[in-house]
Amino acid sequence: MDPIYNGMPSRELGAEGWHKPWSGGNGGNCIEAMKLADGRIAVRQSSDPDGPALIYTPAEIAAFIQGAKSGQADFLLT
């Protein structure tokens with residue numbers, strides 16, 4: 001079984017290496033991301049650093065970012 005799995009407690013991934021690429025002026029509540037050694041990306045809520053980590057493949061993250069850039073996620077803002 002893969003020791004890194006979707007929904008695992010993010011504290012098990014360690015405290016180092018988390019970045020806040022999507023931080024804003026919302027009082028510190030933002031999403032943090034970490035690139036894992038195997039290329040996958042872990043994402044967590046910064047206000048809950050002990051909460052679950054969502055694990056994505058590079059292709060999934062690329063599709064999300066490209067879709068957001070092209071406006072496919074704009075419905076989330078209204």
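1. Asn 6 belongs to the segment before β1, and in this predicted model its C-alpha atom lies 5.0 Å from that of Leu 54, although 48 residues separate Asn 6 and Leu 54 in sequence. Setting aside neighbours within four places in sequence, Asn 6 is in contact with Ala 53, Leu 54 and Ile 55. A polar atom of the Asn 6 side chain is also found 2.9 Å from the backbone nitrogen of Ile 55.

2. On the sheet as a whole, four strands form an open arrangement in the order β1-β4-β3-β2, and their pairing is antiparallel. The edge positions are taken by β1 and β2, each of which has a single partner strand, so one side of each is left without a neighbour in the sheet. As background, the strands of a sheet pair through backbone hydrogen bonds, in either a parallel or an antiparallel sense.

3. Arg 40 lies in the loop between β2 (31-35) and β3 (41-45). Despite being a loop residue, Arg 40 has a relative accessible area of 16%, and it therefore counts as buried, the cut-off being under 20%. The side chain of Arg 40 makes a polar contact, at 2.8 Å, with the side chain of Asp 38.

4. Which residues make up the largest nonpolar core? This core has eight residues, namely Met 8, Leu 13, Trp 18, Met 34, Leu 36, Ala 42, Ala 53 and Ile 55. In soluble globular proteins, nonpolar side chains tend to be buried together. Leu 36, taken as one member of the core, touches Ile 4, Leu 13, Ala 42 and Ile 55 when residues up to four places away in sequence are not counted.

5. Trp 18, which is among the core residues, also has the charged end of Arg 44 over its ring, 4.0 Å from the ring centre. Aromatic pairs, by contrast, number zero in the structure.

6. Is Pro 21 buried, exposed or partly exposed? Pro 21 has its place in the loop between β1 (8-9) and β2, and its relative accessibility of 49% falls between the limits of 20% and 50%, so Pro 21 counts as partly exposed. Leaving aside neighbours within four places in sequence, Pro 21 is in contact with Ile 31 and Ala 33. The C-alpha atoms of Pro 21 and Ala 33 are separated by 7.3 Å, while the two residues are twelve apart along the chain.

Methods:
Residues numbered from 1 in each chain as written. Predicted model: local features only at pLDDT ≥ 70, side-chain atom pairs only at ≥ 80, totals over all residues. Heavy atoms only, no water. Phe/Tyr/Trp six-rings, centres within 6.5 Å; stacked < 30°, edge-to-face > 60°. Lys NZ or Arg CZ within 6 Å of the ring centre and 35° of its normal. Helix = DSSP H or I, 4+ residues; strand = E, 2+ residues; numbered from the N terminus. Buried < 20%, exposed > 50% of the residue type's maximum accessible area, 1.4 Å probe, protein only. Polar contact = N/O pair within 3.5 Å; in protein donor to acceptor, adjacent residues only side chain to side chain. Core = buried A, V, L, I, M, F, W, Y, C linked by side-chain atoms within 4.5 Å. Contact = heavy atoms within 4.5 Å. Pairing = 2+ DSSP bridges.
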